[in-house]
Amino acid sequence: MPNPALPKQEGQRQEPKDRIKNFEEVAQGLTSKQAAIESSRCLNCKEPRCQAACPVNVKIPKFIAALNKGDIKAAIEAIMTTSLLPAICGRVCPQEKYCQGACVLKEKFGPVSIGLLERYTADTARKQGLLKAPKPEQETGFKIACVGSGPSSLACAAQLRRLGHKVVVFEALHAFGGVLRYGIPSFRLPREVVNSEIKTIEEMGVEFRQDILIGPSTSVKDLLKEFDSVYIGSGAGLPTMAGIPGENAVGVYSANEFLTRVNLMQAYKFPESDTPVKIGKQVIVLGGGNSAMDAARCAKRLGPEKVSVVYRRSQEEMPARKEEVLNAMEEGVEFQFLTIQKEVITDEKGHVKALKCLKARLGEPDEKGRRRPVAIENSDFLIPADSIIVAIGQKPNPIIAKTTPDLKMTERGTMQLDENGNSSIKGVFGGGDITRGGATVLLAMKDGLEAAGRIDNYLKTQTPKGK
Amino acid sequence: MEKNLIVNKKSLSNVVCEFEIYEPLIAASAKAGQFIILRYGELGERVPVTLVDWNEQKGTITAIIQSIGKSTAVFNSLKVGDKFTSLAGPLGTPVEIKNYGTCVVVGGGVGIAEVYPIAKALKQAGNKVISILGARTKDLVILQEKMQQVSDEIIITTDDGSLGQKGLVTDAIKTLHDKGVKIDVGFIIGPIPMMKWTAKLMTQLGIKPYASLNPIMLDGTGMCGCCRVVVNGQTKFACVDGPMFEATNIDFDNLIARTSEYKEQEKESFLKHEKDHKCKIGLH
C-alpha cells in the first residue's frame, strides 16, 4: 500500500564547499533504497494531476508504480512512450512548476519527488542496458530536416523517426545538443547524459550532421528541395546586451560567450583544453534568470574571490528557478538586488575596472505583473569588477530569418506561427525558442513533440519526394 | 573521400602553410570574403580561417595558416591524409563584388592570402586591380605569383627592403596618389595597426576603405558576441555582419584591446604544447 507519510526523499547532494571546486553534478540522485521509499509515497491517483501538468505528458503514476515493483524495464518503457529524453528531463525540468506542483500530496506531505524518480529510472535503466531506442514504425519514405540539435529539435526528430520517417538533424556547432551542450553547465547536466540520450536517438536511425549552419550556404529553401518538411528549432542564440556605455570593454562577456567557453569548449580545463576564459578576481553577473545563475555558478567554480549577481528588482521577482538561486547562494554567490547597471568603467588599457550602478526601488507592476524597478536619483555607486557577464536575455539568431525571406517573423524576431502552428512557408514548421524567444528546455521539447504530430499530419497529404 | 581531409599541403614560409582540404559543400558555395572555423582534437579550440580559394569541380577548398600559437602550430603539423576534427563554413557575409572602377587591394603578411580571393573576384567583375603586398621581409611575401595573375599592377613593400620597395604599404598608396592614379575603393587585410593606418590614409585621400576584421571568435555563427566590434559607433558581430566593414569609422583601438585579452593564456598554452611535444620526441 502507498504510504505518503514516509519521509520525502531528496537524494544526495555535493556539499557547497566541495562542489565549488569541481564541475561534477551537484545533485547526485536517489539510491535504490531511497527510490523504493519515494516511489511508495505515490498514491497512483486515478486522475493523475501530475501527468496532466507535464508538458510532455509523461505517464507518471504508471512509471512510478512499475518502479515501486522493482520493474525498471516497465518503468522506463512507460516514460519513453512520450519522452525520449528521460535522463535530461529528470534533471533540468522545473518540476515544481509542473508535475510536483500539481501533486495531491503537495500541501500535506510534500509532493512525490517525481523528477528524481524519473532520473533514477533513466539512469538505472541505462546502466542495466534496459534503456533501448524504441523501434520505429514502418518506413514511410518521407524525409524531414530538423534545423538545430537542441531540445526541441531532438524531441521532434525522435518522435518523427518513431513514426517511420527519415530524419536528418543539422547542427552548426561541432557538438550536438544546442543549449544542453553550450548553455547548461555539466554540474546540472553531465555531458555523458547528453551524449547517451543523443546516442539513443541516433540508434533509432536519426542522422546527425555537425558543422552545418543552415542559412547562408544551405538555405531552408534548399532543404525543401531534398526534404519533404523542415522543422526549425534553431533556438534563441542571439545575446541581448545591456546597451550601456563601455559594454565593449575587454572583460565584458555575454552569458552565451562565457557559458560557451566554459561548457562547450571546456575552458575550465585550460590549458588541457585549448580555449581559455579569464574572469579575474571580482566577477559581476548582470541579470536574474537561469542563465545568470548558470553563469554565476560557473564563474564561482573558476575560483575568483567574489561573484556578485546584480539584479534590477528584488529576489521575489527573479525569473530564475528558486532552487537555482538557492544553489547559487549556498555556493557563496552574492546578490545585489534593486541595482541598475549604468556604465562600465574601464582602465587605460580598455579593460573593465568597475560597474557604475544606480540603486532602485520597486514601482508599479508591468504588463506581466512584475513590479518595475525605478531608479533612485543620485544614488550612483561603483562596484569594482575584473569581468562582467551580461545575462539579461536572448533573442532568436537572425540568420534563418535573414536568409529565408518568405518566412514571416514577429516584431520580436521570433518565427510567426498561425493558430494551427503553421509557418508562412508550406512544409516548414518551428518550435522552441525560435518561436518563443527564450523559454525553457521543457517547453522546447513540448513544441518539438507537438510539431512532430503536425508534420506527420501534413505528410499524410503529401507524396514523398523520394530522394 | 571524406570531409575535412587534407589532400594537399605545402609550406609557403617557415611559419605559413597552405592546405587543400576536401570539402565539397563549401567548395560549391564559398564566396570571396568568407571564412571557415577549423578545430583539431577533442579539446581543440575553434579557429576562424579565411577561405583563400576553392575548386568546385575537385570539391576542395584552400586555407593558409600562419603558426602563431598552439592551435595554429598543431594545424601546421598536420599532414596530407590527416583530417581536421571539425570544419564549419562558409561563414560570414561575402564582400560585395561589383565594378567599382579601380580598386587597390592591400595585404599585409598572411593577409595577402586573405585578400587574394577578393582581388580575384574584383578582377573577374571587370575592375582594375592594383595589389599592394606588404611584409616585414622577403620570405613573408606569399602568393606573389597568384596575386600577379589577378592584378593589373602589383607593388611589393618590405620593412627591410629585401623585396620590392623598402617601406610600408601606406607609402605605396601615397606614391600612387601622388602619381595621380585615381582609386575608387580599397580593401585592406593585415595586422590591425596596418589596417588602422591604411584606412586612415585612404580616408584622407578620398578612397573608400574596407577592412576585414579579425577579432577573437568562438562559434562564428552569431551566437556569442565575442567578436563584437564597433563600427560607426554601433556594435557589430564580425562573424555574421562582417568580417569586412567600411573602415573609416572602425574603433581599431578597441579591436586591438579585445584581441589582446588572452595573450598570457595563448603563451601558456603554446609553451605547454612545446614542452609536451619535446617530451614525446624524447620518448622515441
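**The interior and the domain interface**

What we have here is a predicted model. In its largest nonpolar core, which has 70 residues, Ile60(A) and Phe63(A) are the members that touch the most others. The element that gives the most to this core is helix H18 of chain A, residues 441-459, with nine residues. Why does the core lie between two domains? Domain 1 (12-127) and domain 2 (143-237 + 396-459) of chain A both contribute residues, so the core is located between them.

Let me stay with Ile60(A) for a moment. Leaving aside residues up to four places away in sequence, Ile60(A) touches Cys50(A), Gln51(A), Cys54(A), Cys99(A) and Ile114(A). Apart from this core lies another, of 40 residues; among them are Ala172(A) from chain A and Ala247(B), Ile250(B) and Leu255(B) from chain B.

I turn now to the domains. Chain A is divided into three: domain 1 (12-127), domain 2 (143-237 + 396-459) and domain 3 (239-394). Taken over C-alpha atoms, the centres of domain 2 and domain 3 of chain A are 29 Å apart. Contact between these two domains of chain A involves 15 residues of domain 2 and 14 residues of domain 3.

The size of an interface is often given as the accessible area lost when the parts come together. For domain 2 and domain 3 of chain A, the buried area is about 1,200 Å², with carbon and sulfur atoms giving 55% of it. Which residues of domain 2 of chain A lose the most area to domain 3 of chain A? They are Tyr182(A), Phe187(A) and Arg188(A), which together account for 45% of what the domain 2 side buries.

Across the interface of domain 2 and domain 3 of chain A, the rule finds two salt bridges. It also finds four residue pairs in polar contact across that interface.

Finally, I come to chain B and its helix H8, residues 252-259. This helix is mostly covered, with six of its eight residues buried. Which residues of H8(B) are buried? They are Phe252(B), Asn254(B), Leu255(B), Ala257(B), Arg258(B) and Thr259(B). At the start of H8(B), a side-chain oxygen of Asp251(B) comes to within 3.3 Å of the backbone nitrogen of Asp253(B).

Notes: Residues are numbered from 1 along each chain as its sequence is written. Chains are lettered from A and ligands numbered from 1 in the order in which they are written. This is a predicted model: local features need pLDDT of at least 70, side-chain atom pairs count only at pLDDT 80 or more; totals for chains, interfaces and linings use all residues. Side-chain values use heavy atoms; hydrogens and water are left out. A nonpolar core is a set of buried Ala, Val, Leu, Ile, Met, Phe, Trp, Tyr and Cys residues joined through side-chain atoms within 4.5 Å. Buried means under 20% relative accessible area, exposed over 50%, partly exposed in between (1.4 Å probe, protein chains only). Helices (H or I, at least four residues) and strands (E, at least two) are DSSP runs, numbered from the N terminus. Domain bounds come from an automatic or database domain assignment. Contact means heavy atoms within 4.5 Å. Buried area is the accessible area (1.4 Å probe) that two parts lose on being put together, summed over both. A salt bridge is a side-chain nitrogen of Lys or Arg within 4 Å of a carboxyl oxygen of Asp or Glu. A polar contact is a pair of N or O atoms within 3.5 Å; within protein, one must be able to donate a hydrogen and the other to accept it, and residues adjacent in sequence count only if both atoms are side-chain atoms.
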